[in-house]
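Let's take a walk through this structure together, one stop at a time.

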Amino acid sequence: MERDKRARWQGIPVLLKRLYESSHPNSDMTQIHSFVKELSSLLSMEAMSIVTEERKTPQESTFPNTYTFDLFGGVDLLVEILMRPTLTTQKDVPKMSDDLVKDCLSVLYNCCICTDGVTKSLASRDDFILFLFTLMSNKKTFLQTATLIEDILGVRKEMIQLEDIPNLAGLVQSFNQQQLANFCRILSVTISEPDVGVDDKHTLLARNAQQRANAGPSRAEVNQVALLNIPGFVERLCKLATRKVSEASGTSSFLQELEDWHTWLDNALVLDALMQIASDEAEQSSTESSDESSLAASPLGHRLPQSMKIVHEIMYKVEVLYVLCVMLMGRQRNQVHRMLAEFRLIPGLNNLFDKLIWRKNTSSHVLHGQNQNCDCSPEISFKIQFLRLLQSFSDHHENKYLLLNSQELNELSAISLKANIPEVEALVNTDRNLVCDGKKGLLTRLISVMKKEPAESSFRFWQARAVESFLRGATSYADQVFLLKRGLLEHILFCIIDSGCKSHDVLQSYFDLLGELMKFNLDAFKRFNKYVNTDEKFQIFFNQINSSLVDSNMLVRCIVLTLDRFESQTEDMRVVEVLSECCLLSYMARVENRLSFLFRLINIINVQTLTQENVSCLNTSLVVLMLARRRGKLPFYLNALREKEYAEKYPGGLLNNFHNLLRFWQHHYLNKDKDSTCLENSSCIPFTYWKETVAVLLGSDRTCPYAIASYIDEAYMDLDRDF
């Protein structure tokens with residue numbers, strides 16, 4: 001006892017000793033519970049302080065009780081007590097009460113947040129993690145279990161296999177909708193690829209090496225399949241994503257207070273715990289059962305303001321949309337697409353758009369990368385997740401027309417008819433029973449809010465990405481005109497030229513969208529010329545393009561491709577008129593300007609620095625050279641590259657680099673898993689011509705005027721470098 005006082009152990013070792021001695025297969029559970037309760041009260045205050053004061057780095061000095069508890073084997077003892085019923089073959093073992101299980105879980109959770117290393121050691125125990133999942137089938141212990149699992153999976157090095165969870169399908173089917181939404185929070189860790197090599201910033205060399213090392217489907221992919229095989233799983237997620245906030249009474253201005261709190265309530269589970277306390281109180285104050293309807297009817301229904309219910313619902317939807325979004329981007333994409341269409345996810349979201357999704361303009365925030373953990377308020381996370389879902393949904397997929405309503409689909413047909421071009425097959429095949437209803441479709445609503453978005457808002461990035469993905473794939477004249485009629489081109493030009501936009505991410509998304517909107521479209525180039533009607537505006541526009549070619553090269557590619565097509569259609573007087581009047585096309589028609597872009601595109605990348613984000617610079621430079629090859633001008637361009645090197649006093653610099661880049665291109669794009677249709681669709685140049693051009697440029701015959709090797713002097717050759 002003396003030592004206990006000196007060390008300030010608060011009697012924890014003695015309590016643990018008693019707990020250990022009293023816990024055997026046939027022990028008295030009430031006695032065990034009294035010890036656990038006593039320990040719990042010693043630890044919970046420390047955990048509260050870390051949550052409320054946001055101390056992110058646990059230290060022994062700050063949380064002495066928790067540290068002592070772990071030091072004397074408390075964590076292992078509680079795990080053993082929890083798991084004992086599953087490890088014994090005896091029939092009549094005393095059953096642990098729900099409250100005892102809850103208190104054990106609560107102590108473990110407190111240890112995880114207060115003592116470094118506890119979470120990691122629990123995360124390394126597969127048996128314990130799988131056991132925790134089985135506890136989720138009990139409604140009374142669901143919340144505590146879910147919170148603990150989420151913490152443990154967050155630090156685990158290796159992803160768990162959902163198939164290993166005993167009776168996964170039965171477990172998921174036993175959840176009510178509220179539990180399913182919280183379960184999605186846990187699922188998000190099990191179905192997303194680990195960050196390494198997925199982010200745009202990772203080099204393609206590293207990603208290719210990683211893909212070769214992991215040839216089979218990843219654990220995340222196997223987990224996605226396991227979930228898709230659970231009957232009714234996707235349908236229930238669609239219902240959760242699209243359900244309306246129950247119209248309950250109580251409209252106090254609670255939201256502001258909640259937004260101040262959101263750092264603490266960043267976890268839907270904490271909010272659930274509040275709801276749980278509320279419904280327990282309601283249960284005591286009335287004899288009714290505490291389902292949601294009676295909660296609204298009880299006196300407590302008035303004390304839970306509508307705004308709190310809205311934030312609560314939004315937090316759920318963030319998790320659900322995230323899971324749907326990840327599945328839309330996975331290998332089972334087509335199956336998921338069919339299900340989301342069938343269960344009317346898009347019309348459902350369309351009906352929520354004004355009331356919930358974009359019910360007010362949320363103040364702006366810092367822009368996150370795709371995989372960064374977002375610590376934004378629930379409202380902001382919800383908007384971003386919604387926009388990412390739209391982007392994944394319409395990207396290169398014919399279901400994109402479900403984002404429109406019937407009148408808008410008729411408008412697309414009318415545009416094609418007037419232009420005397422056939423309707424796109426995907427449009428003809430769209431099932432009219434599954435499209436949006438109401439006055440506007442989801443795409444049109446999105447464009448309306450996009451045009452009202454404040455200049456500095458980073459939602460602009462996600463909005464532009466979502467609209468651009470609708471246009472991606474084979475260029476559709478009708479799709480472009482549909483958006484041009486809604487003033488989209490003028491809005492984008494305003495943002496690039498007049499709003500003083502400096503954000504690279506936002507500018508890149510606008511340039512990409514502008515490229516898709518204008519490609520091969522006469523009306524778009526006319527509209528451009530009408531808006532950019534002074535030298536000053538044109539200069540600002542070009543300064544923005546030149547400020548970062550990595551961001552703007554897709555637009556440069558669009559202008560080069562369009563110019564090439566228009567020049568081959570000079571029997572059409574409208575084309576001739578646009579070619580002579582449009583400042584953008586006239587600029588690109590001058591060969592020295594095209595060469596200037598080519599030099600810079602090749603210069604800003606090399607094999608070691610290629611990423612998913614800047615590889616487009618390589619493809620744009622290839623487009624310039626393919627079009628030159630078609631017109632018999634390839635030797636002229638290669639010679640210009642050589643002259644540029646000598647002018648810069650760096651012979652071999654550009655051409656050796658370009659040769660290496662093209663070797664990498666072959667290695668990357670001629671891989672059997674690579675999808676070349678994107679390159680083909682976006683350029684309208686058959687992939688066979690891409691391959692031939694690269695092969696010709698890499699030819700080893702130094703007398704051939706189309707081979708890069710012919711333009712590098714022997715002394716400066718460095719062609720076969722190993723990457």
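Our first stop is Phe 520, which sits in the loop between helix H29 (504–518) and helix H30 (522–531). The model you are looking at is a predicted one. Is Phe 520 buried or exposed? Its relative accessible area is 13%, and because buried means under 20%, Phe 520 counts as buried. The backbone here is worth a look too: phi of Phe 520 is near 60°, a positive value in a residue other than glycine.

Another positive phi turns up at Arg 344, where the angle is about 55° although the residue is not a glycine. Arg 344 belongs to the loop between helix H20 (333–342) and H21. With a relative accessibility of 30%, Arg 344 counts as partly exposed.

Follow the chain through helix H21 (345–357) and you come to Arg 359, in the loop that leads on to helix H22 (378–394). Arg 359 is partly exposed, at 28% relative accessibility. Now look for Glu 379: it is 20 residues away from Arg 359 in sequence, while their C-alpha atoms are 9.8 Å apart in space.

The next loop, between H22 and H23, holds Tyr 401. At 2% relative accessibility, Tyr 401 is buried. What surrounds it? Setting aside neighbours within four places in sequence, Tyr 401 is in contact with Leu 409, Leu 412, Val 424, Ala 426, Leu 427, Thr 430, Val 435, Phe 470, Ser 476 and Asp 479. Cys 436 is a further landmark: 35 residues separate it from Tyr 401 in sequence, and the C-alpha atoms of the two are 9.3 Å apart.

From there, turn to a pair of helices. The axes of helix H23 (residues 406–419) and helix H27 (residues 477–484) come within 9 Å and cross at roughly 115°. The crossing of H23 and H27 is right-handed. On the H23 side, the contact is made by Glu 408, Glu 411, Leu 412, Ile 415, Ser 416 and Ala 419, and on the H27 side by Tyr 477, Ala 478, Asp 479, Val 481 and Phe 482. Sorted by kind, the residues of this contact are 7 nonpolar, 1 polar and 3 charged.

Now step back to see the whole protein. Its secondary structure comes to 40 helices and 0 strands. Of its 723 residues, 53% count as buried. Among contacts between residues at least 6 apart in sequence, 77% join residues at least 24 apart.

What lies inside? In soluble globular proteins, nonpolar side chains tend to be buried together. Here the largest nonpolar core has 218 residues, and those with the most contacts inside it are Phe 128 and Phe 541. The largest share of this core, 12 residues, comes from helix H19 (residues 306–328). To explore around Phe 128, look beyond its neighbours within four places in sequence: its contacts there are Val 79, Leu 82, Met 83, Leu 108, Leu 122, Leu 148 and Ile 152.

The last stop is the cysteines. How many disulfides are there? The count comes to 0. Cys 238 is buried, with a relative accessible area of 1%, whereas Cys 678 is partly exposed, at 34%.

Notes: Residues are numbered from 1 along each chain as its sequence is written. This is a predicted model: local features need pLDDT of at least 70, side-chain atom pairs count only at pLDDT 80 or more; totals for chains, interfaces and linings use all residues. Side-chain values use heavy atoms; hydrogens and water are left out. A nonpolar core is a set of buried Ala, Val, Leu, Ile, Met, Phe, Trp, Tyr and Cys residues joined through side-chain atoms within 4.5 Å. Buried means under 20% relative accessible area, exposed over 50%, partly exposed in between (1.4 Å probe, protein chains only). Helices (H or I, at least four residues) and strands (E, at least two) are DSSP runs, numbered from the N terminus. Contact means heavy atoms within 4.5 Å. Axes are lines fitted to C-alpha atoms, for helices over the stretch in contact, and angles run from 0 to 180 degrees between N-to-C directions. A crossing is left-handed if the near helix is turned anticlockwise from the far one by less than a right angle, and right-handed if clockwise. Ala, Val, Leu, Ile, Met, Phe, Trp, Tyr, Cys and Pro count as nonpolar, Asp, Glu, Lys and Arg as charged, and the others, Gly among them, as polar. A disulfide is a pair of cysteine sulfur atoms within 2.5 Å.
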